[in-house]
Amino acid sequence: YQRRVHGGKRNKNAHTLCVRCGSRSYHKRKHRCASCAFPSPKLRSFFWSEKAKRRRAPGTGRMRYLKKQLTKVAVKDKLITRFGERPPIKTKQNRKQFLRRRLAKLGLPLPPSNKDKRNVGKAQRIRVRKAKQKKDTECKKKRLAGLLKKKSKATKEGAKKGSKEKAPAKKADPKPAKAAPAKPAPKEKGGKK
């Protein structure tokens with residue numbers, strides 16, 4: 001980018017177009033923009049230059065994102081004036097309810113609500129849970145039945161063994177047992193006295 005060449009010695013240019021801000025203030029040798037301070041990530045701005053800030057403020061460029069937001073707001077305002085109610089913005093559910101009411105006013109068919117879908121899913125989940133519970137109870141019953149059978153077998157076997165092992169009780173002897181004979185006293189060492 002070259003400006004009109006002056007007569008005389010001022011025929012070189014130190015600044016060229018900036019990639020970020022587009023102004024002709026990018027210093028070729030310093031590799032820094034005098035307007036926006038490119039390539040540093042923070043934009044160059046100072047409190048003492050209000051006009052410079054004003055030149056960069058939103059509304060001076062393309063406004064690719066903000067334009068859409070503003071159109072949304074405008075549409076909402078139109079709807080408010082037409083239907084006389086403000087759509088609650090906070091939650092998805094509220095927004096859906098508002099849309100359903102609007103469709104009902106216009107006489108259009110309503111879409112299936114999430115509640116119906118949820119109910120279908122809920123019923124299915126309940127069915128599955130009940131089937132699982134039934135299966136679990138059956139398994140428990142089978143286990144209990146097996147344990148009871150084992151116990152009954154063990155008790156029967158124990159009863160059979162007990163009847164075989166039982167012998168007539170021995171009578172106690174009327175005579176007391178003889179006492180063991182007393183040991184003789186040990187002899188003293190040391191010869192005759």
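Trainee: Which pattern does the chain follow, read along the sequence?

Mentor: This is a predicted model, in which local features need pLDDT of at least 70, side-chain atom pairs count only at pLDDT 80 or more, and totals for chains, interfaces and linings use all residues. Residues are numbered from 1 along each chain as its sequence is written, and side-chain values use heavy atoms, with hydrogens and water left out. Helices (H or I, at least four residues) and strands (E, at least two) are DSSP runs, numbered from the N terminus. The chain has four helices and three strands, and the pattern is β-β-β-α-α-α-α.

Trainee: What is the order of the three strands in the open sheet?

Mentor: Two strands pair if DSSP finds at least two bridges between them. Strand 2 (residues 26-27) and strand 3 pair in the antiparallel sense over two bridges. The open sheet has antiparallel pairing and the order 1-2-3.

Trainee: Why is one side of strand 1 and of strand 3 left without a neighbour in the sheet?

Mentor: Strand 1 covers 15-16 and strand 3 covers 32-33. One side of each is left without a neighbour because each stands at an edge, with a single partner strand.

Trainee: What share of the 193 residues counts as buried?

Mentor: The count covers the residues of the chain, 193 in number. The share that counts as buried is 8%.

How values were computed:
Buried means under 20% relative accessible area, exposed over 50%, partly exposed in between (1.4 Å probe, protein chains only).
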